[in-house]
Amino acid sequence: MEMKKRLTLELRNKKPGEVKELVLDNCRSDDGKIVGLSSDFENLEFLSMININLLSVSNLPKLNKLRKLELSDNRISGGLEVLAERTPNLTHLNLSGNKIKDINTLEPLKKLPNLHSLDLFNCEVTMLINYRESVFKLLPQLTYLDGFDADDQEAPDSDPEADGDGLEDEYENGEEGEEEDDDEDEDDLDEEVIDDEEDEDDDLEGEEEEDGEEDGEDDEEDEADDDLPRGEKRKRNLEDEGEEDPEDEEDDEDD
């Protein structure tokens, strides 16, 4: 995809002045030069142009607020004075995989007082004797070269604002928050189900206890009946069934 077309797609109906992060990786530059990018991107802080067959940064517009510039895997061999002129507040510069061969090629970067991190992986200059010592001497404002400081201490995680990762982190945290909420809702439902099951078990136990009490009362009555004389027991049974004792009927007739 051509660089101009890619730039239009990345804008997504936004005005250039509203854009803070711009990624143009793997598109095609025009004869090895930057096209379509203008100083209208006045609030741009992060710009990535990785692997676009770039030969020169001469067409880079004035971007005063640019902090991080990714130019790895291109064919840049010099002309870095443009960066000092047009990106004065640059803090991170990645030139890995380019055609930088000499330490002197980096000299224009001395005019970038805020340059904090420089990456030159896979550039021929890294093969020079005393490469690291020479670069730190040439650019005393540097803290990290190829991810390590002058004492070979590895750089901490990069600044999310400079990397343009802040929005991604917020999005991921939002998703995690939603997942946690879903887990909490599932736990609440599980607790409710368990409570309902316990209530049903309690009800069943209560019914069994009541049935047991009724059976016990019936057994007690049966035992009491067994202790009565035969005539009394028979009379009681008839009373329970709603019938009168024949003997009582005869007595009534005699009367």
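This is a predicted model: local features need pLDDT of at least 70, side-chain atom pairs count only at pLDDT 80 or more; totals for chains, interfaces and linings use all residues.
Local features were taken at pLDDT of at least 70 and side-chain atom pairs at pLDDT 80 or more, while totals for chains, interfaces and linings use all residues. Residues are numbered from 1 along each chain as its sequence is written, and side-chain values use heavy atoms, without hydrogens and water.

The structure holds zero disulfides (a disulfide being a pair of cysteine sulfur atoms within 2.5 Å). Cys27 is buried, at 3% relative accessible area. Cys123 is also buried, with a value of 3%. Here buried means under 20% relative accessible area, exposed over 50%, and partly exposed in between, for a 1.4 Å probe and protein chains only.

Three salt bridges were found (a side-chain nitrogen of Lys or Arg within 4 Å of a carboxyl oxygen of Asp or Glu). Glu10 pairs with Arg6, with 3.1 Å between the closest N and O atoms. Both residues lie in helix α1 (residues 3-11), four residues apart, about one turn of the helix. Helices (H or I, at least four residues) and strands (E, at least two) are DSSP runs, numbered from the N terminus. Glu10 is partly exposed, at 25%. Arg6 is buried, at 17%.

Glu70 and Lys68 form a salt bridge at 3.5 Å, N to O. Glu70 and Lys68 are both buried.

Arg132 and Asp152 form a salt bridge at 3.8 Å, N to O. Arg132 belongs to helix α3 (residues 131-138) and Asp152 to the loop between β6 (144-145) and α4 (160-163), so the pair ties together parts 20 residues apart in sequence. Asp152 is exposed, with a relative accessible area of 52%.
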